[in-house]
Amino acid sequence: MPGSRVQAPADAPGTEAVDRHETGRGAWWASWWVRVLAVYLASRVVTTVILLIFAATEGPNAWTSAGPDYFSFANIWDGRWYEIVAVSGYPAALPTSDGVHVSENAWAFMPGYPGVVDAVMFLTRAPWPVAAVLVSFLAGAGAALVFHRLMRRVGLSPSQSLFAVVLFCVAPVAPLFQVAYAESLYILLLAVALLLLVERRYGWLFPVVLAMAVIRPSGLAFALALALHVGYRWFRRREDPFPARERILSVSLTIFSGLAGLAWPAVAAIGTGSLTAYTDTELAWRAPYIGYTDLLPFTPWFQGADWWASAMLGLPGWVGVVVLIVLVALFAVLLFSPAVRRLGVDLRFWIAAYSVYLLAVFFPQSSTFRLLMPLFPLLGAMALPRSRVYRVGMVALFVALQVGWVAVCWSIDGYDWSPP
């Protein structure tokens, strides 16, 4: 595969020596990967307890009977949509709610995750609920391992990198690592992609980018991050050489990622005969909030800010818009803070690119917490303080927020309008 590993420039993060446990010397039980997996397993025990407590008090709903078992409880919401994709595929004709507007349907869910679960079902003979959770669980473990290597690569110490993994594993949306959602598998691939980007192994990124694009909408955001990366390398080519071979590979990868981001909408268009099949399907999920609208880039968040302020809080809509503008401005400032700058330019490019992508196309609702998950590199900045009080406090806060996320988004309370 083209794109061999290259030496990072002298001023790049992550050039310090790793400790002896990370080079394979010393007892195996003290190795970095053992510590990471121990953190991951311990955090999954905590999350399992949280989910089981909520499952025990769950009433009958559209997906389960009262008090469902763990695997049934872990396969509600989008998990059932992925199962529909695996069993029935995609509709040739788009369903409508009123004969005009497209209603919610399987085209919103990409085939990568259910395809992997199908393969696991074939190999293990496990039923869908078990196989889906197994795929997410194993992918989450892999993501934690790669995230640790990524943090070491950008210059965090062993202690800081491990604490970043702790935050990663107990994050408010960490239950997604053990339910029937595609996020766990996507985050694993994204962590691999970011590590390859930091190490400038462009050739290896092609299959990873393609795999990401059939699991979650990501190609356009990653293409933007790559474009920023290429521009930055071109601008600094005198201080940091940018050979012709790497230029060709990186530019080709940028174009490839953009095309991969457009592939699924194209497949939906071909499969249904409707050019806007995918976007119309996605818009169906926001119709209960603001009605049926067209997709105009960079308008959904302003529509959402107006809706949340007026419909939910009884305030003038402009108040929500002002709050949104302030939050966006503060987030932009955050990207240039010393802690975030420690992560290096490539991870900041991704954070900026994905944030712009979200701002352009997504409507803010309860699932926004899940959609923020790809910003996980920011946990590296949160892991920098070494104070024990700070670290214990952050873990306690994250676990408490995890309980809150399950209560608000995952657990079902009658007619529930706050999906995860």
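## Close-up views around helix 7

**View 1. Helix 5 meets helix 7.** Ser136, Ala139, Gly140, Gly142, Ala143, Val146, Phe147, Arg149, Leu150 and Arg153 of helix 5 touch Ser184, Leu185, Ile187, Leu188, Ala191, Val192, Leu194, Leu195 and Val198 of helix 7. By class, these contact residues are 13 nonpolar, 4 polar and 2 charged. The model shown here, as in every view, is predicted.

**View 2. The axes of helix 5 and helix 7.** Two packed helices are described by the angle between their axes and the distance between the axes. Helix 5 covers residues 128-153, and helix 7 covers residues 183-198. Their axes lie 8 Å apart, at an angle of about 25°. Angles under 35 degrees count as roughly parallel, so helix 5 is roughly parallel to helix 7. The crossing of this pair is left-handed.

**View 3. Helix 7 beside helix 8.** Helix 8 spans residues 202-213. The axes of helix 7 and helix 8 come within 9 Å and cross at roughly 160°. An angle over 145 degrees counts as roughly antiparallel, so helix 7 is roughly antiparallel to helix 8. This crossing, too, is left-handed.

**View 4. Side by side: the residues between helix 7 and helix 8.** Helix 7 brings Tyr186, Leu189, Leu190, Val192, Ala193, Leu196 and Leu197 to the contact. Helix 8 answers with Tyr202, Trp204, Leu205, Val208, Ala211 and Met212. The class count for this contact is 13 nonpolar, no polar and no charged residues.

**View 5. The largest cavity.** Rolling a probe the size of a water molecule over the atoms shows where empty space is left. Across the whole structure, the search finds 1 cavity of 30 Å³ or more. The volume of the largest cavity is about 80 Å³. Its lining is made of Glu183, Tyr186, Ile187, Arg216, Pro217, Tyr354, Phe362, Arg370, Leu371 and Pro374.

**View 6. What lines the cavity.** Helix 7 and helix 17 (368-371) are the elements that give two or more residues to the lining of the largest cavity. Helix 7 gives the most, with 3 residues. The lining has 7 nonpolar, no polar and 3 charged residues.

Key
Residues are numbered from 1 along each chain as its sequence is written. This is a predicted model: local features need pLDDT of at least 70, side-chain atom pairs count only at pLDDT 80 or more; totals for chains, interfaces and linings use all residues. Side-chain values use heavy atoms; hydrogens and water are left out. Axes are lines fitted to C-alpha atoms, for helices over the stretch in contact, and angles run from 0 to 180 degrees between N-to-C directions. Helices (H or I, at least four residues) and strands (E, at least two) are DSSP runs, numbered from the N terminus. Angles under 35 degrees count as roughly parallel, over 145 as roughly antiparallel, 65 to 115 as roughly perpendicular and the rest as oblique. A crossing is left-handed if the near helix is turned anticlockwise from the far one by less than a right angle, and right-handed if clockwise. Contact means heavy atoms within 4.5 Å. Ala, Val, Leu, Ile, Met, Phe, Trp, Tyr, Cys and Pro count as nonpolar, Asp, Glu, Lys and Arg as charged, and the others, Gly among them, as polar. On a 1 Å grid over the protein atoms alone, a cavity is a set of points where a 1.4 Å probe fits but cannot get out, and a pocket is an open set with protein on both sides within 12 Å along at least five of seven lines; lining residues have an atom within 4 Å of a point. Grid points are joined across faces, edges and corners, and a volume is the space filled by probe spheres set on the points.
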